[in-house]
Every structure is written in C-alpha cells, then in structure tokens.
Amino acid sequence: MIKAPVTDKELFDFINTLKDDQLQVFTAADGRVRGAIFHGTRFVNQLRLQHKLGILETYILGQACLCASMAIPMMKDEEHVVIKYEGMGPAQGYSVEADSKGYVRGYLFEPNIPITKPLDGWDLADFLGPGTLTFSRVHKDDKYPQSSTVEVRGENIALDFATYFAQSEQINTAFNSSIQFDKQGRVIGAGSMYIQVMPKTGGTAGDGGNKDSRDQDTEDDEKLITKVENAFKACPSLGLLFSENEVDCEDIVVGLFREFKPVITVTRDIIFDCPCNEQKFIDYLKSLPKAEIESMKKDGTDPLKIVCRNCGSEYNIPLNILDDK
C-alpha cells in the first residue's frame, strides 16, 4: 500500500496529541465474558485519506472497518475474513477484510453516495437499507472459504454485526463503534468494542432433586447476560471519549465492567493497511494473454494507471515493463 499522508496540519497536530491507536483484549467474570476494545482514530483517518472519502462515506466505511477489526481477536492461528454487506440503498454496500496479522482493508461499493436531503442523525437506513451480511473465513490450510450469510436491517452497522453473530455463530455478542467529527468534518476520535458471554458447558440433573441443574445454569446465564448488557449499554460514545484524550482503553474496560473483575490479556496494534504493491500488479499484467497486452500498448495510456480498490493506492506502470512477456 502507498500510505497517504495527513496534509491537514491542524488535524496532524491534534492526532499527535492523542494516545496511540491500540487494541486490548480482555476477559471478565472468571472467563465467561470476553471482549476487546480498539482506539482507532488514526486508523479511521488513514482509511479516509486512502479512499479520499467525504463525511458520510467515512462514517460508513469507518464503522464497517472498526467492527471488522473486532473479528481479529476472535481469530485462531492464521485466519483471514472477508465481510461483505450487500444492501438495497444508494450506498449499495461494502466489502472489508480483516487478517490475523493485524491489518484491515476495505472499500465502499459506491464511494460517492448521493444525498437528497440533509442528514438527520446517523441512522443509515436511507443509505444502506435492508440487505445481507456475509462472513467468509479462510484458515491457513483451507482450500475454500467457509461462508455464512444473514439478513440484516442496515440501520446500524454495529447492530448488523451483532445480528450476524446471534444468528450464525449463536453466541451472545454486542458491538459498539463510533466516530467523532469536529465542526469542520475532521475525524478526531474513533473506536470500537465487542463483548461476548460464552455459554456454559455441561450440566446434569441433581441427585434426588426436582430441578435439572441445566435450568439453574440457564437462569444464571440470563442474569449474567442482563448485567453485562446493561454495563455495555452504559458506555458513552467511544469516539467522543478518545477525542477528549482523558481515558485509555483499559480505563474504559475497568470503568464499565468493574463488577466482573476484567483482566487485560493481550495488547496489540491494528492498522488500516493492504498487502498490495507495484510488483504484484506487474506480475498480474504479465500473466494476461499476449493479445490483451498488445491491445493495452496500442490503445491504452502510458503509464497504465491501476488503483487498488481495497486501499485506494494508485500505481503508474510503464507499458514497456511488459515487453519481456
């Protein structure tokens, strides 16, 4: 990826006052609860710069990529996931990818979303609309991806992700993501969080009792889920919190889930990045049929401009580099 620089000096200076982007994984309630929180202000600014996005487009792709970053701590070993939303609204949808190495990339199907009326809040129903959300996972030794699709409403990306996990993974999962803009439309804070209550295993009927111990487990689970949900819902806007630069990820986790004795288990970097490079595109062009290469030389511009759809990087490749075909 060709990394686009921050050219807005005021934004550059502000970002450099913030705490570093960082993802922290945590557990709580003796391991029954697990989750992660990500401070991603630089992350969202980078994806915006790469794709040259407006405010609405930044909000949609930023939310999708922030939520996709939450899939990384759920991965086992080497794994890659492609998350695709296909909707009925004018935004059409998005495709984002997250990799266990710690990078996320993605793009909007419509990078210039038509707006016919002033925005009234951040309800995305008018832009995404109802559609389908598909997760395609590839593990290290898989020949083919394992895919699962659910129908979602397209009003709120974090809720769409929660719907997917509830229906496809059948795990109680909640997502929270937010992006804070200043009055000039700059991204000054961004973050995401997820939390899961893991199911209890086992359970047998009590000796001589009238009540199966699994019934008690179910009651205990419902109480735990309710308490965790209430704590999760109490979280203020993560984008606003990170823009104020007064708390870090651990402060937020401890503040929300103190009752469940949270423990930070892993801290890692997550970045908006793409493994594309000029040589990969050159190798692809050289693999094309000779007639197609000759047609490009005859009718195309020189150098040939190729834009990576996943990160917006622009490569200008001289056609004479294909002469050894």
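This is a predicted model: local features need pLDDT of at least 70, side-chain atom pairs count only at pLDDT 80 or more; totals for chains, interfaces and linings use all residues.
1. On the cysteines, the count of disulfides comes to zero. C67 is in no disulfide, and the nearest cysteine sulfur, that of C65, is 9.6 Å away. With a relative accessibility of 1%, C67 counts as buried.

2. The nearest cysteine sulfur to that of C274 belongs to C276 and is 3.7 Å away; because a disulfide requires the two sulfur atoms to be within 2.5 Å, C274 is in no disulfide. C274 also counts as buried, its relative accessibility being 4%.

3. Turning to the aromatic residues, the model has 15 aromatic pairs. In one of them, the rings of W122 and F181 have centres 5.7 Å apart and planes at 25°, so that the pair is stacked. This pair links distant parts of the chain, given that W122 sits in the loop between β5 (103-108) and β6 (131-139) while F181 belongs to strand β8 (residues 172-181), 59 residues apart.

4. What is the arrangement of the rings of F281 and Y315? Their centres are 5.3 Å apart and their planes lie at 45°, so the pair is tilted. Here too the pair links distant parts of the chain, with F281 in helix α8 (residues 278-286) and Y315 in strand β13 (residues 314-317), 34 residues apart. Both F281 and Y315 are buried.

5. Beyond these individual pairs, a cluster is formed by F135, F161, Y164, F165, F175 and Y194, which are linked to one another through ring pairs.

6. Helix α7 (residues 249-257) has as its buried residues C249, I252, V253, L256 and F257. Seen down the axis of α7, these buried residues fall within an arc of 95°, so they line one face of the helix.

7. Which residue caps the N-terminal end of α7? The cap is provided by D248, a side-chain oxygen of which lies 3.3 Å from the backbone nitrogen of E250.

Definitions and conventions: Residues are numbered from 1 along each chain as its sequence is written. Side-chain values use heavy atoms; hydrogens and water are left out. Buried means under 20% relative accessible area, exposed over 50%, partly exposed in between (1.4 Å probe, protein chains only). Rings of Phe, Tyr and Trp (its six-membered ring) pair if their centres lie within 6.5 Å; planes under 30 degrees apart count as stacked, over 60 as edge-to-face and the rest as tilted. Helices (H or I, at least four residues) and strands (E, at least two) are DSSP runs, numbered from the N terminus. The arc is that of the directions from the helix axis to the C-beta atoms. A polar contact is a pair of N or O atoms within 3.5 Å; within protein, one must be able to donate a hydrogen and the other to accept it, and residues adjacent in sequence count only if both atoms are side-chain atoms.
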